[in-house]
Amino acid sequence: MIDRKRVFWFILLRLLVVSVFLATTIFLDVRTYDVGTDIAQKVLIRLMGATYLFSLGSLVVLYRSRREIRTLTYAQIVWDLILVTVMILISGGVTSPYAFLYFLSIISASTLLARSQAYYTASLCVILYGAILDFQYYGKLAPLGLSAYPAQQYGAAYLFYLIFLHCAAFFLTATLAGHLSERARRSESAFQEKAIDYEELERLNSCIVSTIDSGLLTINPDGRIRVFNSYMERLTGLSQQQAYDRPLCEAIPGLSPFERRFFDGGQGEFKHQAPDGGQLLLSFKSVPLTGKEDATVGAIFDIHDLTEMKRLAAELKRADRLAAVGELSARMAHEIRNPLAAISGSVQLVALRPWVDEKDKRLFSIILRETDRLDGLLRDFLFYAKPAQPTKIPLKLHRVIADLCALLSTDPRLERVTIENRVPEDLVVVFDKDQCSQVFWNLVVNSAEAIAGEGSIVIEACAVRSGDKKEARISVRDSGSGMNQAEVRRVFEPFFTTKKGGTGLGLATVYRIVETHGGRMVVDSEEGAGTTVTLFLPA
Ligand code: ADP
Ligand code: MG
């Protein structure tokens, strides 16, 4: 890999050197002692000028194209070699002071390219330098204005010695500079790799901290918050900036009782007030954060929200208990119904006997009424505890409600109540026919019972979309007495009733039926303002 920046600096440096050279040549009129002629001076100035242009052109190419950089670098080295050779030629050949400039070319080849290129350059230098000296010795350079006289004066042996000396020095330079720049390159790339690794680690780290599904925070030895991830922001309603440097026990007061164990692996559960006012149950675990030489420089906290888990566990436990109790009581209810039927039948028979007087008849009728009520309760209960398997069919809801209204028209509870069936005629729900009637019978009767005196019940429906499912939203709204919020929360509980003769199983059964059909329901009510029960049924 060739470093563009290095090539850039190299070209800039050469520009500077050439400028100095040009300036001294032109303004100070410095003449190297063998460049006696004006022609040589002119050639030198032109060569410098050309170098100038070449350098500027190279800079442009360097910035324009990204691919030509290797060729460009080779061109720099070759240009330098030519430049030095010409300078030596016009400044006296063997007596020229510029032979040392070859070293610079070798060094730049090793720093810009690689060690092998440094050796090639050194070889080229030897060839060029040797050729100049040889050609000068044999008078071949006389046409260029270079006389053979000084070379011949040195003698062949001395020239040979000179070439050998330069050859050794060139290769030594190539070896040394190549070695050094190779090392520099290697450590540079190692450093770069490390830097990339650190960057990646840093990114990974912050990504994990911000996305994990639990609270993560760190404190310093004074108990002040440092890291505070986004889960913690949600739990406390404080932003990272607001939390930074706050005492932990101030940001999360529930942790205060554990303060003394923060730095030696404390853990525990505590209550916490969520930003929306809800009560949360959180658990925490702290681990000391150690720095150099195992000194404690803080603590790291892992915080979990246990609220939902605890609630689910409690619910599961209750559901388990209820299931067991339900199974048992359903069997008992079944067993009770048989003797109840026998009692009721026998009492009816006894009541027909001629010697029964009026007083006994009244007692018998009480027995009959109460056994009927007991039977009704057991029937409801059995239905709740063991609902029949539904046969789901497409039902026209409007028809079902209309039939129900006809059925209820003789019911005394609905005497002064009007029912408005606003369900669209073409609305279809997938439901069991009998259970559908049962659901709306329960809802309408509840509404009717909540209305003292005159009132109305409105049944509305429309098709809605939730996600990719089609649903029917049906609401039963009454102008009855309504309920308070505590009652609303309990309406679906089995045996919850506020009525004297109520079983508290109506809405519990409705809920169960709706659930087994894949629907859901909500109750909205306000004391004195009536109640709206909304069902979402699969359409
Ligand atoms: P029950 O009708 O036997 O009392 P339900 O499960 O049908 O049992 O209803 C439970 C309780 O919910 C009722 O006792 C009543 O307090 C309340 N409730 C249900 N529907 C309504 C309504 N439409 N308006 C007011 N209260 C209602
Ligand atoms: Mg009811």
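The model is predicted, so local features need pLDDT of at least 70, side-chain atom pairs count only at pLDDT 80 or more, and totals for chains, interfaces and linings use all residues. Residues are numbered from 1 along each chain as its sequence is written, and side-chain values use heavy atoms, with hydrogens and water left out.

Let's start with the record. An unreviewed UniProt entry lists residues 7-28, 43-62, 119-138 and 158-177 under "transmembrane region"; such annotations may be inferred rather than shown by experiment. In the model, residues 119-138 are 95% helix and 0% strand, with end C-alpha atoms 28 Å apart. Residues 158-177 are 100% helix and 0% strand, and their end C-alpha atoms also lie 28 Å apart. Helices here are DSSP runs of H or I with at least four residues, and strands are E runs of at least two.

Now look at helix H1 (residues 4-27), which holds Val17. Together with Leu13, Leu16 and Val20, Val17 makes a nonpolar surface patch of about 390 Å². Areas come from the Shrake-Rupley method with a 1.4 Å probe. Val17 is partly exposed, at 47% relative accessible area, where buried means under 20% and exposed over 50%.

Further along, Glu202 lies in helix H7 (residues 156-211).

How values were computed. Chains are lettered from A and ligands numbered from 1 in the order in which they are written. Patches are made of residues with over 30% relative accessible area and no salt bridge: like charges are joined within 9 Å, nonpolar side chains (Val, Leu, Ile, Met, Phe, Trp, Tyr) within 5 Å. A salt bridge is a side-chain nitrogen of Lys or Arg within 4 Å of a carboxyl oxygen of Asp or Glu. Buried means under 20% relative accessible area, exposed over 50%, partly exposed in between (1.4 Å probe, protein chains only).
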